[in-house]
Amino acid sequence: MSFSPPGTSVGPDRRDEDALRDRVARELDRARRRTRHLTEAVDDGDLRRQHSPLMSPLVWDLAHVGSQEELWLVRDVGGRVPLRPDIDDLYDAFRHARADRPALPLLSPVEARGYVASVRAKVLDVLAGVPLRGRRLVADGFAFGMIVQHEQQHDETMLATHQLRSGEPVLTAPPVPGPSVPPGPDEVLVPAGTFTMGTSVEPWALDNERPGHPVRVPAFHLDTKAVTNARFVEFIEDGGYERPELWSEEGWAACLASALRAPLFWRRDGDGRWWRRVFGRWEPVSPEEPVVHVSFHEAEAFATWCGRRLPTEAEWERAARFDPRSGETRRYPWGDEAPTDRHANLGQRHLRPAPAGAFPAGTSPLGVHQLLGDVWEWTSTPFRGYPGFAAFPYREYSEVFFGEEYRVLRGGSFGTDHAVARATFRNWDYPGRRQIFAGFRCARDASPEEVD
Ligand code: AVJ
Ligand code: FE
């Protein structure tokens with residue numbers, strides 16, 4: 001583990017730093033293996049093609065990952081000369097809308113692969129020499145952690161592009177586990193109380209998760225499971241998509257404009273059975289799986305239909321972090337231990353969400369299943385900075401997106417890596433979007449007699 005020559009005295013700080021360097025290198029490599037898996041599964045034509053106007057060509061994501069890595073780790077952290085300053089503009093997400101990216105003079109697949117590999121070689125050289133303390137950008141390996149999370153998030157975006165693409169299926173994964181415990185009651189009462197929302201101590205937490213701050217949450221009921229396909233079919237069959245009173249004004253306008261009838265990727269056969277396309281394969285809709293590929297508007301209409309509502313972001317995080325035994329705020333629903341394969345359906349190990357009860361080790365103390373993994377969960381809260389927010393290291397990561405037009409999603413999906421899926425991690429999208437791996441669970445206010 002230590003790279004010091006024999007005879008050199010190595011203090012504990014130095015040894016910790018070497019262990020951190022090893023961890024950073026492993027995390028960078030894990031992200032890169034996933035990127036390669038996603039970009040080697042299809043041919044060059046497919047890599048350059050735009051599979052949906054909502055998405056970039058996969059070859060853009062690939063070189064963009066390298067370009068961000070070069071910008072932060074080679075130039076800023078390493079103080080080295082840029083490899084390709086001429087391509088900065090092409091891979092600046094703010095310069096070109098996704099829909100316009102296929103027309104740009106992008107690097108070819110072979111050039112993009114060469115570019116990301118050269119950047120990575122330089123980064124590993126920088127990593128070997130840079131102190132991981134002192135300057136805030138490098139303290140605890142933050143900038144490296146940020147770039148790992150950036151690549152993993154683009155990997156999830158590329159996975160969403162794979163789900164949108166038509167043609168022969170190219171991705172495979174083992175089936176999800178079934179429930180190994182009965183899911184128990186449908187909802188739990190989360191008692192009123194104050195918890196620490198966000199974090200000031202998680203070393204790789206991004207700016208929008210900071211700082212940790214106390215939030216008081218009134219008592220509320222939360223579903224122990226994400227809404228299933230079976231329940232969503234009931235909503236459809238009960239005229240959910242035909243009843244404006246169930247929808248917000250904006251939601252109903254979106255429903256009419258896109259003639260919504262069902263979640264994205266669903267179709268009904270002549271016998272009235274529902275099918276859904278999963279990474280290129282048509283299959284009967286699985287009743288017990290969480291519904292996925294619904295917009296915030298669809299989630300909200302469903303909740304209204306069953307006399308409920310979506311949880312706020314603070315309610316969601318309290319349910320995910322509050323330990324009723326100690327009264328403390330923890331890192332994960334199951335405690336402070338980092339996620340393993342036993343805790344949650346994360347990291348693209350499977351290509352679909354799992355039914356409730358499949359990951360009993362990840363259940364919260366109150367009995368809420370699978371808050372992390374499976375599907376991103378829509379909350380009712382617009383994306384805003386926490387009190388005391390300060391953009392770091394750049395405004396374009398979070399701050400420029402703050403405002404009423406985005407809603408926050410929590411918890412991560414089957415396609416989210418555990419380097420990203422913290423209980424404090426915040427995702428956001430437009431309320432009408434359905435291409436991400438998003439579902440939801442419902443909540444409702446507690447009545448006064450239920451509150452002590
Ligand atoms: C946090 C998933 C909304 O994909 O736009 C990627 C993550 N930021 N590159 C996005 C991100 C810069 C971001 N989301
Ligand atoms: Fe990006």
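Guide: Let us start with a definition: helices (H or I, at least four residues) and strands (E, at least two) are DSSP runs, numbered from the N terminus. This is a predicted model, in which local features need pLDDT of at least 70 and side-chain atom pairs count only at pLDDT 80 or more, while totals for chains, interfaces and linings use all residues. Residues are numbered from 1 along each chain as its sequence is written, chains are lettered from A and ligands numbered from 1 in the order in which they are written, and side-chain values use heavy atoms, with hydrogens and water left out.

Visitor: Why are His-150 and His-154 said to be separated by about one helical turn?

Guide: The two residues are 4 apart in helix H5 (residues 142–164), and therefore about one helical turn lies between them. Both His-150 and His-154 are also buried, a word that stands for under 20% relative accessible area, with exposed meaning over 50% and partly exposed in between (1.4 Å probe, protein chains only).

Visitor: What makes a residue a protein donor of the iron ion (ligand 2)?

Guide: Donors are N, O and S atoms within 2.8 Å of the metal (3.2 Å for Na, K and Ca); water is not among the atoms, so sites may look incomplete. The NE2 atoms of His-64, His-150 and His-154 lie 2.1 to 2.2 Å from the iron ion (ligand 2), and they are its protein donors. Along the sequence, the spacing of the donor residues is H-x85-H-x3-H.

Visitor: Why is the site of the iron ion (ligand 2) called irregular?

Guide: Four donors count as tetrahedral if all angles lie between 85 and 135 degrees; four count as square planar and six as octahedral if opposite donors are over 155 degrees apart and all others between 65 and 115; anything else is irregular. The site has 4 donor atoms with angles of 91 to 174° among them, and it is classed as irregular.

Visitor: What makes a space a pocket or a cavity?

Guide: On a 1 Å grid over the protein atoms alone, a cavity is a set of points where a 1.4 Å probe fits but cannot get out, whereas a pocket is an open set with protein on both sides within 12 Å along at least five of seven lines; lining residues have an atom within 4 Å of a point. Grid points are joined across faces, edges and corners, and a volume is the space filled by probe spheres set on the points. The largest pocket has a volume of about 1400 Å³. Its lining has 45 residues, and those closest to its centre are Ala-93, Arg-98, His-154, Phe-401 and Trp-428. Helix H3 (58–77), H5 and strand E10 (427–429) each give two or more residues to this lining, and the largest share, 7 residues, comes from H5.

Visitor: How is the lining of the largest pocket divided into classes?

Guide: Ala, Val, Leu, Ile, Met, Phe, Trp, Tyr, Cys and Pro count as nonpolar, Asp, Glu, Lys and Arg as charged, and the others, Gly among them, as polar. By that rule the lining of the largest pocket has 21 nonpolar, 12 polar and 12 charged residues. At least three of its residues come from each of domain 1 (14–164) and domain 2 (173–452), with domain bounds taken from an automatic or database domain assignment.

Visitor: Which residues line the second largest cavity?

Guide: The second largest cavity has a volume of about 50 Å³. Among its lining residues are Gln-68, Trp-72, His-150 and Tyr-397. H5 gives the most to this lining, with 5 residues, and the classes are 6 nonpolar, 4 polar and no charged.

Visitor: Why does Arg-277 count as buried?

Guide: Arg-277, in strand E6 (residues 274–278), counts as buried because its relative accessibility is 18%, and the cut-off is under 20%.
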